[in-house]
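Student: I have a structure on my screen and would like to learn how to read it. Could you take me through some of its features?

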Amino acid sequence: MSSLHMRTASRAAAPLVSHAARLELLEYYLAHHEDLVRCAQASVDWLARHTGVRRALCLAVDSEASQLVGLAGAGITIDDVELFSLSLSETQDPLVRALFSAEPTVVRPPRVNGHTTRVNVFGASPFTAVPLRGARGTDDEAVGLLLVRPGTSVGSDLTWLATVLGQKIDQIRGRGSLAEEVRKLRRERALFFTIINAVTDPIMLTDTEGRLIVANARAEKLFAATEEESEGRRRAVELNNMLFSAALSRTVVEAPSEARELLLVDPSDGSDLLFEVLSTTVEDPREGTGIVSVLRNITDLRRATEQIEENYQKLRIAEVAVRAERDRLNLIIDSVADPIIVTDQAGATVLMNAPAEELFTVAPDAEDLAQRTVQSNDAHFSSFISGLLLGETGPGEIRRGEIGLMNPSTSEQIPVEAIAGKVLTETGELTAVVTILHDRREALERTRLYEQLRVASDELQMRVQSATAELATQNELLRRQAIELEQASRLKSQFLANMSHEFRTPLNAILGYTHMLLQGVAGDLAANVKRQLTRIDSNGRHLLTIINEILDITRIEAGKMPMQVSEFNLNELVSEVMTELDPVIARSRLAVSARLSADAPIMSTDRQKVKQIVVNLLTNALKFTHQGGVEIGVNFEPGKHMAAVAVRDSGIGIAPENHEKIFEDFRQVDDSPSRQYGGTGLGLAICRRLANALGGRITLQSNIGQGSTFTLSIPAEAPQ
Ligand code: ADP
């Protein structure tokens, strides 16, 4: 059983207690109390309160058991009181001896006169044992003992108390068995403490001045500490007492029956403990006014409340965030041009954007057709969604399907592709299905156009293929024709070469005989015969020139004019040509000059061919120039390894449209029968062929009436 502390006010001892105090004890305690223990308790309390006594123990004689038993104590533990018993047979015990002594005895434990006393509740200090006697005074056998400390001198108050208490004990004992009385009371007390200790909340009874009278075990943990306990714990207990007293006085003053909060310190670990204090004032006819306080630990409750509050705040914040998120989502959904529909796990629509509303909602007063269209759209969509809900679509997986919808206002068919995804919770529970309907008309149109394009492209490809095949056929045809032409041309050249050769032999014979006749080999000729012979000679020579030129061309074409490379000086060649043509130059009466190159233009090419070209160009210049002059310029560029001979005349000139024509075989600018200038039209054609054979070319700068410049450009070294 838990101990019961009796806290007493430790006031300075007054030498004499007032009559009022004695009267109070007599009236309130002794007069009204009929049980032994309470009377004894009231007496020791009175002693502690009004005299200098710090500790007191009241003992009574149980005559049936022939022993001394404890009745009440002040400043000592209840166990010390209740467990006290001393057999009267121990006659040597100082207490037993004191019982039979007429006067108060001073006892000095532990060893007194060689005997040990069982009383060690007061420690090693000496104490006074005052015998308590019945109404008959000192003659009477003592009914009990009152042990007090300090007790160096026994004051009149103590003597007085011993007298009244002894008489009271004697009086009560006269009515019944002491042992029975004590047992009964102790049972009651034990029961009482069992009950209040069973309560987990601290329970306390205090007097009006805040002094603790009774406390249960839980309250003791908070408000009581013995000397042996740690400093920290004692401090905490002290603080708790102060806090509790302050709270109690406030309660009494302000609102006696109202619950108020009280923050205490847990003496075992120093943590804060929050209590709710409910105090009630109780009136006892014998004990007087007291205050019963029940402390309810609301630390956890407060913590829970705070937690709830905190969670609520979090919830509010989350709610605001969710609302903002939803607003944002709505904004996004509304700004998407494709219809978007959000359905719940049962397939019911919970959200749709404006484009979706156009397809799935209709005004109640709209036409029947529009109503039916919306219903049909709804049915199509629902069947798609139920297919999705029944199907095994995992989280994040997208399901696609095609739905045929119709625009309710225009009745236009709208084939759409439905793209749907499930929204699952963390635990995999389906919360919503988001479906986006994508209008496929544009895509279908694109596909159609693409198909058309593909067909067109295929056709084109086929045409290109057939055209290419035709072209190949034509090419082949042309190639064959070219081969045939080449063969024909070769045959022609061959024929011409043969013919020229056949012509040249008799013609040379004719010219030889004519020459001999003109030389007078057959005697002098008459003037007219000589004139006719001269005509034969000149026509024969013209014919020979033609035949020679034809022969040249045919030989070149037949590849029968091989290159004969030699080294020569181009300046010298030009001078040589001028010397050879001197008679013609003299006849022309033109100013003919040569502007030779300063660098010695040493050539390594076919000299004969170069000379033939220069002769031809110079002959033409003289032929087609009537006044002014002709100049032959030699240019040599050693760095480029190119040489040029330019023949410039101030003659009739050639129109640009004829610049190309005059290089063709048998072509002349004037090819009419009544033409002014003789010639075969083969000279330039031969020159171009020869220039090509030398790796060079002939260019022309000329215009009508502005003279002409024919320039032969050839590499200094003939190509291999
Ligand atoms: P032909 O033997 O007729 O002179 P060519 O092939 O040498 O043949 O010349 C072709 C034609 O080019 C000439 O008939 C003439 O019309 C023109 N031709 C050639 N050289 C000159 C030139 N220096 N000035 C004007 N015309 C020219």
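This is a predicted model: local features need pLDDT of at least 70, side-chain atom pairs count only at pLDDT 80 or more; totals for chains, interfaces and linings use all residues.

Student: Let me begin with a helix. Which residues of H14 are buried?

Tutor: Buried means under 20% relative accessible area, exposed over 50%, and partly exposed in between, with a 1.4 Å probe and protein chains only. Helices (H or I, at least four residues) and strands (E, at least two) are DSSP runs, numbered from the N terminus. In H14, residues 570-580, the buried ones are Leu570, Asn571, Leu573, Val574, Val577 and Met578. Down the helix axis these buried residues fall within an arc of 165°, so they line one face of H14; the arc is that of the directions from the axis to the C-beta atoms.

Student: What does the face of H14 turned away from the buried side carry?

Tutor: That face has the exposed residues Glu572 and Thr579.

Student: How do I read a nonpolar core?

Tutor: In soluble globular proteins, nonpolar side chains tend to be buried together. A nonpolar core here is a set of buried Ala, Val, Leu, Ile, Met, Phe, Trp, Tyr and Cys residues joined through side-chain atoms within 4.5 Å. The largest one has 46 residues, and Leu570 and Val610 are among those with the most contacts inside it. Elements giving two or more residues to this core include H14, helix H16 (607-623) and strand E22 (629-637). H16 gives the most, with seven residues. Apart from this core lies another, of 32 residues, among them Val37 and Leu158.

Student: Which residues does Leu570 touch?

Tutor: Contact means heavy atoms within 4.5 Å. Not counting residues up to four places away in sequence, Leu570 touches Pro601, Met603, Val610, Val634, Ala643 and Val645.

Student: Now a hairpin, please. How do E16 and E17 pair?

Tutor: Two strands pair if DSSP finds at least two bridges between them. Strand E16 (residues 398-406) and strand E17 (residues 413-424) are antiparallel, with nine bridges. Arg399 stands opposite Ala420 in E17. Six residues lie between the two strands of this hairpin, and Ser411 in the turn has a positive phi of about 60°.

Student: Is Thr435 buried or exposed?

Tutor: Thr435, in strand E18 (residues 430-439), counts as buried because its relative accessibility is 0%. Setting aside neighbours within four places in sequence, the contacts of Thr435 include Pro339, Phe381 and Ala420.

Student: And where is Ser597 found?

Tutor: Ser597 is in the loop between strand E20 (591-595) and strand E21 (602-606). The side chain of Ser597 reaches the backbone oxygen of Asp599 at 3.1 Å. Such a polar contact is a pair of N or O atoms within 3.5 Å; within protein, one must be able to donate a hydrogen and the other to accept it, and residues adjacent in sequence count only if both atoms are side-chain atoms.

Student: Finally, which residues around the ligand come nearest?

Tutor: A residue is near a molecule if one of its heavy atoms lies within 4 Å of it. Of the 21 residues around the ligand, Asn620, Lys623, Asp649, Gln668 and Leu684 come nearest. A backbone N or O atom of Leu684 lies 2.8 Å from a ligand oxygen atom.

Definitions and conventions. Residues are numbered from 1 along each chain as its sequence is written. Side-chain values use heavy atoms; hydrogens and water are left out.
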